[in-house]
Amino acid sequence: MEQSRRDFIMNSAVKVAGVAGIPMILAATMPSKKKQPEASVLKDKDIILFQGDSITDAGRARNVQKANDPGALGHGYALLAAAALLEGMPEKDLTVFNRGISGNKVYQLAERWQEDCLDLKPGILSILIGVNDYWHKRNGNYDGNVDVYKKDYRALLIRTRKVLPDATIIICEPFSVEGGTAIGGSWQEEFEAYRKVAASLSREFGTLFIPYHTIFTEALKYAPAAYWSPDGVHPSLAGAQLMASSWLSVVK
């Protein structure tokens, strides 16, 4: 009984540390507003599109195509960010879509980009992609490499800028959380090259950037990987809230 009580107290302390720590994590990792655009990048009646793989998909109902729908937004960071925006800015009349698909790599985004991005004409386009470009290569299910990732991602951004020249693009850094059950061996060292590509493309195309890997690394000071992302790739509820808070700090 005493051991159970100690475990309960320790687990509760970890949860409190994680939630209370989010503002401090963001303060330590996110660029200051002086380095970001003045005020909000959101415009009245903006269309916001979240794109990516399973981290963005988060179990969304893919047969539901309408905007601002809880089922269509999944149960991850896209839903949490959308809920905060819609609750906090009703006067802007925002439209939010999630078109993430589990397992996607960059070339698969490109295959569906016309219907799932360009035709939606987003004013804010958020892209989180890259972990499968590495993970599926690592497990032998994909023969691409970091050079293919860069070439494909760059081509996607060129195509997007050509059709949507005025859209605000947010490139989210692909991340892996040290201590997660899927992260081992040479993962972090090899995946670093993919993270660097995302950052360099953000600079090249003048996009906003969210350093998710740095953010989760900082978060480990407050709670272990099991709290933020048990497998090191897919966020927990706390990890999704951390992602949403980081995302919101860039656009609001």
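1. A word on the model first: it is predicted, with local features needing pLDDT of at least 70 and side-chain atom pairs counting only at pLDDT 80 or more, while totals for chains, interfaces and linings use all residues. Residues are numbered from 1 along each chain as its sequence is written, and side-chain values use heavy atoms, leaving out hydrogens and water.

2. Take a look at helix α8 (residues 146–163) and helix α9 (residues 187–205), which pack with their axes 10 Å apart and at an angle of about 25 degrees. Helices here are DSSP runs of H or I, at least four residues, numbered from the N terminus. Axes are lines fitted to C-alpha atoms over the stretch in contact, with angles from 0 to 180 degrees between N-to-C directions. The pair is therefore roughly parallel (angles under 35 degrees).

3. On the contact itself (heavy atoms within 4.5 Å), α8 brings residues including Y149, Y153, L157 and R161, and α9 brings among others Y194, V197, L201 and F205. The contact residues divide into 11 nonpolar, 4 charged and no polar.

4. Now the loop between α2 (54–57) and α3 (70–73), where A58 lies. Most residues other than glycine have a negative phi. A58, not a glycine, has a positive phi of about 50 degrees. A58 is buried, at 9% relative accessible area (buried means under 20%, with a 1.4 Å probe and protein chains only).

5. N68 is found in the loop between α2 and α3 too, and its phi is also positive, near 60 degrees. With a relative accessible area of 31%, N68 is partly exposed (between the buried cut-off of 20% and the exposed one of over 50%).

Conventions:
Helix = DSSP H or I, 4+ residues; strand = E, 2+ residues; numbered from the N terminus. Parallel < 35°, antiparallel > 145°, perpendicular 65-115°, else oblique. Nonpolar A, V, L, I, M, F, W, Y, C, P; charged D, E, K, R; others polar.
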